[in-house]
Amino acid sequence: MFEFFTQALWSPYVAGAGIGVLSCLAFLLSDRPIGCSTAFVKARGLIGKAMNPVSFKNKEYYWEIIPQVDWAFMIIPGIVIGAFISAFISGQFHVFWVPSLWSATFGYNPLLRIVVAIAGGILLGFGARWAGGCTSGHGINGSIQLSLASIITACCFFAGGIATALVLFRVIGV
Amino acid sequence: MLGLLFGIMFGFLLQKGGVTDYNVITGQLLLTDFTVLKLMLSAVIVGMIGFHLLKHFGHVQSHAAEGSIGSNVIGGLIFGVGFALLGYCPGTVAGAVGTGALDALFGGMVGLLMGAGFFAEIYPVIKSRILTWGKFPAVTLPEFLHLNLWIVIGLMEVFMIGFLVLLEYFGF
């Protein structure tokens, strides 16, 4: 039984079905979808509040998404811990700066990788809040509820992502 | 602290499913590795039936909200560009940090916090001008199609399972 948990990988169908069950449990026990991007707004708001309380008070967005350590915030430390447990018990944990697919195309340059990752992260956070959710909030949990907006958003995530990845790896990085 | 517990289980499943790996996510966007879609569709196939059965018996309520072109399409496309540049999404970037990815920690997490901050800055400007532009005519897919809920669920399940069977058939 324990061997099942120490396997390096499960079939994506098994892990996916597990996430489907987990999503239903979150609706049942916590009356909310599992979303990840809200946590970054709350964390950013808490940082802003600590650094400049006066200008923080005037930011309308934080009136709607209140920066506090709550359910939506704790999901992110939870994911870090859960993924660490999974990787550690299966011997997959290792520290690295540049993923292999990136270095195979753009070379082993940690600075370049971090700069592009920060740029990507900015657009990701900005876009997620613009669209009102991310791959888990819209892509999985919105689709589960048959939300029209979520299904359209998920298609746009992949349309934008596929187009950009193809330009990055097939045009720029040849 | 139920959120932390759900996060731990979610992160565990994301890592076991292989989607906390930059190479797997980028492979999906390059259409060479379909692990991400297999995982997401499996989650939706199971979750859609589970959620609507629970809802039918009154145990859960819908959180589906109204959407618009200005919010969902524009935001979704901006997200997509960031998705490809970073190679992680807001959930899997946290999972990648747990597996030891420093580009996810010092690149992705830092960028996401900055992006959320920039959005908070421009929110009052775009709120009424762009985010509400081009409202979708319905909240849910059955309302949009004017079809019975369970017929739409049946069609979606057949469509998603059929897509996965075709992927395997063609060797992806």
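From the N terminus on, the elements of chain B run α-α-α-α-α-α-α-α. Chain B holds eight helices and zero strands. Here helices (H or I, at least four residues) and strands (E, at least two) are DSSP runs, numbered from the N terminus. This is a predicted model, in which local features need pLDDT of at least 70, side-chain atom pairs count only at pLDDT 80 or more, and totals for chains, interfaces and linings use all residues. Residues are numbered from 1 along each chain as its sequence is written, while chains are lettered from A and ligands numbered from 1 in the order in which they are written.

The C-alpha atoms of chain B fill a box of roughly 50 × 45 × 40 Å along the principal axes. Of the 172 residues in chain B, 50% are buried (20 or more other C-beta atoms within 10 Å of a residue's own, with C-beta atoms placed from the backbone).

Helix 4 of chain B covers residues 69-86. Its 18 residues should span 26 Å at 1.5 Å a residue, and its end C-alpha atoms are 24 Å apart, which agrees. The expected span is 1.5 Å times one less than the number of residues. In helix 4 of chain B, 16 of the 18 residues are buried, so this helix is largely enclosed by the rest of the structure. Gly87(B) follows, with a positive phi near 80°.

The two chains also meet. 109 residues of chain A are in contact with 102 residues of chain B (C-beta atoms, placed from the backbone, within 7 Å). Helix 8 of chain A gives the largest share of the side that touches chain B, 18 residues.

Methods. A residue is buried if 20 or more other C-beta atoms lie within 10 Å of its own, exposed if 12 or fewer, and partly exposed in between; C-beta atoms are placed from the backbone. Two residues are in contact if their C-beta atoms, placed from the backbone, lie within 7 Å.
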